[in-house]
Amino acid sequence: MRDVTTNSGNASIVRAIIALGGSLGLAVIAEGVESTEQTEYLRALGCDPSRAI
């Protein structure tokens, strides 16, 4: 989650992991969420914020 809202490379990896997990029917859990901005970013990608740790 480090720099996910400011680093396009990290953001691409996060988007890909969430998409892969979703396509496989898996729950994706985000670790290291430290800010509201990161939580909102995950929510926008379709990640359930209650699953973000």
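**Exercise 1. State which residues Gly 21 is in contact with, leaving aside its neighbours within four places in sequence.**

Solution. Gly 21 is in contact with Leu 26 and Val 28, once neighbours within four places in sequence are left aside; contact means heavy atoms within 4.5 Å. The model is a predicted one, in which local features need pLDDT of at least 70, side-chain atom pairs count only at pLDDT 80 or more, and totals for chains, interfaces and linings use all residues. Residues are numbered from 1 along each chain as its sequence is written, and side-chain values use heavy atoms, with hydrogens and water left out.

Helices (H or I, at least four residues) and strands (E, at least two) are DSSP runs, numbered from the N terminus. Then take its accessibility: Gly 21 counts as buried because its relative accessibility is 7%. The cut-offs are under 20% relative accessible area for buried, over 50% for exposed, and partly exposed in between (1.4 Å probe, protein chains only). Last, the C-alpha atoms of Gly 21 and Thr 5, 16 residues apart along the chain, are separated by 20 Å.

**Exercise 2. Determine which residues of helix H2 are buried, and where on H2 they lie.**

Solution. Step one: H2 covers residues 36-44, and its residues Gln 38, Tyr 41 and Leu 42 are buried. Step two: they lie on the same side of H2, because they cover an arc of only 95° around the axis; the arc is that of the directions from the helix axis to the C-beta atoms. Step four: the buried residues of H2 pack against H1. Just after H2, Gly 46 takes a positive phi of about 90°.

**Exercise 3. Describe the surroundings of Gln 38.**

Solution. Gln 38 lies in helix H2. Gln 38 counts as buried because its relative accessible area is 9%. Not counting residues up to four places away in sequence, Gln 38 touches Met 1, Val 4, Thr 5, Gly 32 and Val 33.

**Exercise 4. List the members of the largest nonpolar core and find which element gives the largest share.**

Solution. A nonpolar core is a set of buried Ala, Val, Leu, Ile, Met, Phe, Trp, Tyr and Cys residues joined through side-chain atoms within 4.5 Å. The largest one has 10 residues: Met 1, Val 4, Ala 11, Val 14, Ile 18, Ala 30, Val 33, Tyr 41, Leu 42 and Cys 47. H1 and H2 each supply at least two residues of this core, and the largest share, 3 residues, comes from H1. For Cys 47, the contacts outside four places in sequence are Ile 18, Val 28 and Leu 42.

**Exercise 5. Characterise the lining of the largest pocket.**

Solution. On a 1 Å grid over the protein atoms alone, a pocket is an open set of points where a 1.4 Å probe fits, with protein on both sides within 12 Å along at least five of seven lines; lining residues have an atom within 4 Å of a point. The largest pocket has a volume of about 160 Å³, the volume being the space filled by probe spheres set on the points. Its lining has 13 residues, with Met 1, Ile 13, Val 14, Ile 17 and Ala 30 nearest the centre. Helix H1 (residues 8-23) gives the largest share of the lining, 5 residues. By class, 11 lining residues are nonpolar, 1 is polar and 1 is charged. Ala, Val, Leu, Ile, Met, Phe, Trp, Tyr, Cys and Pro count as nonpolar, Asp, Glu, Lys and Arg as charged, and the others, Gly among them, as polar.
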